[in-house]
Amino acid sequence: MSDITCTINDKSVTVPRGTTILTAAAMLGIDIPTFCHDPELSRYGGCRICVVEVKGWGQLPASCVTEVREGMEVYTESEKVLEARRTILELLLANHPDDCLTCEKTGACRLQEYAYRYGVRKGAFPGACHAYPVEADNPFIMRDMNKCILCGKCVRVCSEVVGRSVIDFSFRGFHAKVATPLDSGLLNAGCVFCGSCVEVCPVGALTEKQRIGKGRPWELDSVTTTCPYCGVGCQINLLVKEGRVVGANAAGHGVNGRHLCVKGRYGHGFIHHPERLTNPLVRKNGQLHEVTWEEAIQEVVRRFGRIKQEYGGQAIGVLASARITNEENYLLNKLARLVLGTNHIDHCARL
Amino acid sequence: MINLMDNCCSKCTHSPATPCSNYVLCRTAGPFCHTDKGCEEKRKNHINNVRVPSGGNYQQIIVCGGTGCTSSGSARLVDSLKEAVNEAGLSDRVAVKRTGCHGFCENGPIVHIKPEGIFYTRVKPADARDIVNHLADGQIVERLVYRDAAGNSYPHFHEIPFYAGQTLILLTNCGHIDPEQISDYVAVGGYRSLVKVLQHMTPEQVIEEIQLSGLRGRGGAGFPTGKKWAAARRAAREIKYIICNADEGDPGAFMDRSLLEGDPHSVLEGMIIAGFAVGSHQGYIYCRAEYPLAIKRLKSAIQQARQWGLLGKNILNSGFDFDIDLKEGAGAFVCGEGTALQASIEGLRGMPRVKPPRSTEKGLWEKPTVLNNVETLANVPLIIQMGAEEYRKLGTEQSPGTKIFALSGSLVNPGLVEVPMGKTLREIIFGTGGGIRDGKAFKAVQLGGPSGGCLAEQHLDLPVDFDSLSSVGATIGSGGMVVMDEGACMVDVARFFLAFTQKESCGKCTPCREGTKRMLEILERMCRGEATLDDLADLERLCRVVKNTSLCGLGQACPNPVLSTLQYFREEYMAHIVEKRCPAGVCAELVRYRIDENLCRGCGLCLKNCPVQAIRGQRKQPHAIDDSRCIKCGVCLSKCKFKAVVRS
């Protein structure tokens with residue numbers, strides 16, 4: 001594969017053949033705005049916010065899908081480009097609720113960011129605006145299609161990464177929208193609520209129900225940890241505000257990258273639950289009493305010892321948890337066979 | 001009746017399993033493998049039945065079975081004619097046949113008597129007996145003969161001005177053969193180009209011939225067909241596809257439909273030749289479901305071609321395999337765009353993707369694919385038959401060949417016409433089309449549907465070819481030609497086309513989805529007299545951005561109707577914006593109806609017909625229109641016998 005040399009904003013760059021203008025520009029430190037582009041998803045080229053001017057070309061190509069050619073002269077912020085970008089932003093804002101004050105996405109919204117960057121305000125094109133009902137008929141995801149800019153990232157992540165394909169484009173023209181089959185809602189469409197669509201949504205169209213009103217993006221601390229559920233060991237960021245976990249998202253690295261399952265992403269209600277067990281309890285005279293770990297383990301040793309003595313080790317059965325790692329399962333197997341002296345060991349094989 | 005395609009006797013062994021390379025020629029000029037006067041006679045009889053040579057006793061009553069004539073009752077007419085022929089005892093020498101479209105749809109149902117070439121228009125089932133009498137005694141039925149506005153009558157097909165200006169090479173079979181009989185197509189020379197290609201040419205030679213012919217895609221873009229084929233041939237992949245784009249969606253265009261309905265085998269033959277040239281073994285025809293008759297005839301054509309071994313394995317013992325499947329569209333205009341069409345065949349939502357890669361590198365199922373329009377493919381057998389040199393004698397240097405246009409709008413003779421490329425708009429509109437209806441003045445012609453532009457009087461002497469039209473901001477498009485008279489409002493026309501593209505936008509890219517909506521809203525405001533000069537500036541900016549940044553051809557070309565009307569009819573836009581006036585009197589909100597008291601006799605006809613009771617007045621006293629109630633329907637104007645109702 002030969003290399004290609006081109007210029008972007010009069011700066012020369014040499015990149016491998018097949019590199020897009022967007023990537024080549026990034027190598028020069030030039031930031032081109034994008035809505036629908038995602039390196040993990042197939043090339044789409046739909047939002048057109050990333051259009052650039054190429055000398056000698058009539059059209060303004062989308063830089064996320066146009067590969068550089070030898071000698072190409074690209075301008076990422078020319079007058080023509082700025083007019084197009086501003087117009088596209090005006091068009092998107094013309095059909096977008098004026099809701100930034102209370103929108104969950106404020107501060108992390110690409111539409112907001114680019115409107116600010118290019119000095120675009122709502123109001124350039126008065127006219128029809130969508131008035132879809134907000135879809136919240138499931139426990140996890142809130143879909144407000146009035147805020148959707150139809151970048152199609154949710155559609156692609158659902159089909160290309162998660163492999164569920166529960167959403168796709170429906171209807172035409174101004175009425176085009178992302179929907180489940182027959183608009184029947186996520187619950188009926190076989191959604192597994194992994195939340196990957198929420199993760200990739202650049203605007204406030206997809207938000208997490210649990211996080212509504214729980215904190216602005218800039219108020220949250222992010223604490224990277226390992227998901228407490230299965231043994232896969234997904235890396236998650238716990239989002240913490242004033243000492244309380246208000247949500248979680250994928251850490252973007254580790255085995256899981258940007259993806260999580262429903263439990264890893266949404267199953268953190270137990271952390272601050274009033275009934276959560278924080279100390280070992282031992283039942284004495286029919287009543288549970290808080291004890292120390294030392295005391296609790298001694299109790300377990302004593303009771304298992306008695307059973308083994310009276311009935312033999314085979315009287316004890318061991319059930320391993322899927323939440324623990326392979327190594328821990330191995331140790332449990334040793335404990336069962338060598339210490340407890342039983343062959344009855346199995347795995348619950350579910351989360 | 002024995003089918004020409006069936007084996008003549010036990011000595012003929014052709015079948016799809018044991019194909020004979022001489023099969024097609026043998027059917028018309030044979031038999032070759034054995035000598036039998038009887039078999040030879042059978043062939044001659046059949047060919048005479050189809051070609052109807054003059055001088056013989058045999059006559060044919062051709063009834064047009066195109067969609068236009070079918071909807072004006074040609075199916076019933078066929079029954080009546082057959083009945084009348086039987087009653088007259090002429091069934092042994094007179095046949096009644098239903099064919100494809102004659103193009104002269106305005107005057108349908110059409111009946112054409114062969115071999116004399118007598119041409120009857122607007123025929124009703126009740127006329128059947130008179131027509132049969134004509135065949136018996138030679139007396140032409142004068143009242144059914146075509147007459148022009150001046151009253152001149154034209155009994156013969158070739159004399160009618162509508163046909164006299166045309167060069168029928170693609171449409172020659174439409175209106176002459178039975179499209180549901182493969183034997184008719186073979187009898188008039190069909191599938192001979194395929195034989196020539198399979199027996200005497202290499203794929204490279206076929207591509208060279210098409211390249212030499214200068215054939216350019218008839219779907220609108222005018223891309224050189226040979227170049228496209230050569231690119232697909234070069235792609236080193238085992239599986240390749242040929243797609244026939246029959247998703248003809250432009251409002252007012254019906255060229256492809258008529259070809260498929262009238263001569264489906266010419267398209268199949270073109271596809272097989274394309275398959276041979278690029279090394280493909282599978283073709284798809286993507287036809288819109290709104291064309292039920294075309295689909296029916298394609299299905300029957302594919303089935304018959306398979307039955308006699310012209311599609312399938314080892315075609316005519318050449319070792320070449322090719323088959324065709326039909327895919328019905330689901331009614332999306334955008335599926336006429338190549339990549340959206342391919343997505344639709346794959347079972348996905350019909351949305352265009354970014355090019356490159358071009359379809360010839362990665363098309364259907366990511367395999368190299370040649371996508372040609374119906375009319376382009378129908379040209380292929382012709383070019384092979386005539387030779388590129390002969391073909392180039394038609395049309396212009398850069399746009400050789402003919403082009404079929406669907407003429408519609410305010411014309412005397414709307415219909416389907418085939419003319420050599422390079423004819424002027426004036427020749428087509430005022431010659432073949434017969435000029436503007438009702439003695440009105442020409443105002444504009446809209447070419448190429450929602451992607452095309454509107455041209456004005458100053459362009460009438462422009463030659464119609466790919467390059468001349470694009471130089472003035474129009475496009476040949478797929479061949480729709482909507483002619484408008486002085487009564488048309490160009491702002492309203494632009495609004496109409498924008499409403500169409502907005503509705504048909506797939507929604508993938510922002511400028512097309514959102515931009516066309518705002519353009520449409522501005523145009524609607526103009527038509528209501530609510531627009532400002534700022535709106536006009538916004539409209540022009542939106543046109544620019546939508547054109548420059550849309551993903552596919554639909555979006556990139558959809559501002560054309562606005563841009564061209566703004567360029568050539570700007571004063572009309574200004575009248576709507578500044579004076580709040582629609583000069584053509586089309587935009588309802590800008591029109592006011594009033595009654596001239598001096599002319600009104602108080603007859604009450606307008607009052608009686610007004611659907612919203614907006615007219616008041618005593619009998620024999622001048623009436624008046626209540627503006628607050630009037631819905632500007634114009635009924636009063638059309639009903640008034642004293643010209644007392646005035647539109648301003």
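## Exercises on a two-chain model

In this predicted model, β13(B) pairs with strand β14 (residues 454-456) of chain B through three bridges, in the antiparallel sense.

**Exercise 1.** Find which residue of β14(B) is the bridge partner of B:A444, then look at the hairpin of β13(B) and β14(B).

*Solution.* Start with B:A444: its bridge partner in β14(B) is B:A456. Next, follow the chain between the two strands, where the hairpin has six residues. There, B:G448 takes a positive phi near 80°.

**Exercise 2.** Work out which way β13(B) and β15(B) run, and how many bridges join them.

*Solution.* Strand β15 covers residues 480-485 of chain B, and five bridges join it to β13(B). The two run antiparallel. For one pair, take B:V445: its bridge partner in β15(B) is B:V483. Now check the cover on β13(B), residues 442-447: six of its six residues are buried.

**Exercise 3.** Name the residues that touch the most other members of the largest nonpolar core.

*Solution.* This core has 241 residues, and the ones to pick out are A:C154, B:L81, B:I273, B:A274 and B:V445. Helix α12 of chain B (residues 264-278) gives the most to this core, with nine residues. Apart from it lies another core of 13 residues, including B:Y593 and B:I615.

**Exercise 4.** Describe the side of chain B that touches chain A.

*Solution.* Begin with the counts: the contact takes 26 residues from chain B and 28 from chain A. On chain B's side, α20(B) gives the most, with eight residues. Sorted by class, that side has eight nonpolar, eight polar and ten charged residues.

Conventions: Residues numbered from 1 in each chain as written. Chains lettered and ligands numbered in written order. Predicted model: local features only at pLDDT ≥ 70, side-chain atom pairs only at ≥ 80, totals over all residues. Core = buried A, V, L, I, M, F, W, Y, C linked by C-beta atoms within 7 Å. Buried ≥ 20, exposed ≤ 12 C-beta atoms within 10 Å, placed from the backbone. Helix = DSSP H or I, 4+ residues; strand = E, 2+ residues; numbered from the N terminus. Contact = placed C-beta atoms within 7 Å. Nonpolar A, V, L, I, M, F, W, Y, C, P; charged D, E, K, R; others polar. Pairing = 2+ DSSP bridges.
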